[in-house]
Amino acid sequence: MFLTSKSINRYFSKVIGLPPKAYFSILRTRAALTDFIQARETFDPWDYGYYDLSHFSKDVAKLTGQRLSNAL
């Protein structure tokens with residue numbers, strides 16, 4: 001189709017309402033938070049691409065507006 005990445009990002013943003021990076025960040029955080037709530041003892045943030053628990057906590061706070069300890 002000969003589309004540039006800029007065009008794809010523009011079309012994605014127009015249809016979804018968010019840039020691809022923000023959209024996939026939300027998906028990743030939701031999936032990780034669901035796993036964290038279900039299996040807190042065995043949760044490993046590295047499995048979702050986070051460097052550590054504080055990195056994951058920052059994304060949870062950005063998504064929910066609450067600290068990780070309050071999100072439960």
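Here is a short walk through this predicted model, helix by helix. Residues are numbered from 1 along each chain as its sequence is written, and local features need pLDDT of at least 70, while side-chain atom pairs count only at pLDDT 80 or more and totals for chains, interfaces and linings use all residues. Side-chain values use heavy atoms, with hydrogens and water left out.

Let us start with helix 2, which covers residues 20–38; helices here are DSSP runs of H or I with at least four residues, numbered from the N terminus. The buried residues of helix 2 (buried means under 20% relative accessible area, with a 1.4 Å probe and protein chains only) are Pro20, Thr29, Ala32, Leu33 and Phe36. They pack against helix 1 (5–16) and helix 3.

Now look at helix 1. Its axis lies 9 Å from that of helix 2, at an angle of about 55 degrees; axes are lines fitted to C-alpha atoms, for helices over the stretch in contact, and angles run from 0 to 180 degrees between N-to-C directions. Asn9, Phe12, Ser13 and Ile16 of helix 1 touch Pro20, Tyr23 and Phe24 of helix 2, where contact means heavy atoms within 4.5 Å.

On to helix 3, residues 53–64, which packs with helix 2 at about 110 degrees, the axes being 10 Å apart. These two helices are therefore roughly perpendicular. Helix 2 brings residues including Ser25, Arg28 and Thr29 to this contact, and helix 3 brings residues including His55, Asp59 and Leu63.

Beyond its neighbours within four places in sequence, Asp59 is in contact with Ser25, Arg28, Thr29 and Tyr50.

Finally, find the largest nonpolar core: Ala32, Leu33, Phe36, Phe43, Tyr50, Phe56, Val60 and Leu68, 8 residues in all. Such a core is a set of buried Ala, Val, Leu, Ile, Met, Phe, Trp, Tyr and Cys residues joined through side-chain atoms within 4.5 Å. Helix 2 gives the largest share, 3 residues. Leu68, leaving aside neighbours within four places in sequence, is in contact with Leu33, Phe36, Leu53, Phe56, Ser57 and Val60.

Conventions. Angles under 35 degrees count as roughly parallel, over 145 as roughly antiparallel, 65 to 115 as roughly perpendicular and the rest as oblique. Buried means under 20% relative accessible area, exposed over 50%, partly exposed in between (1.4 Å probe, protein chains only).
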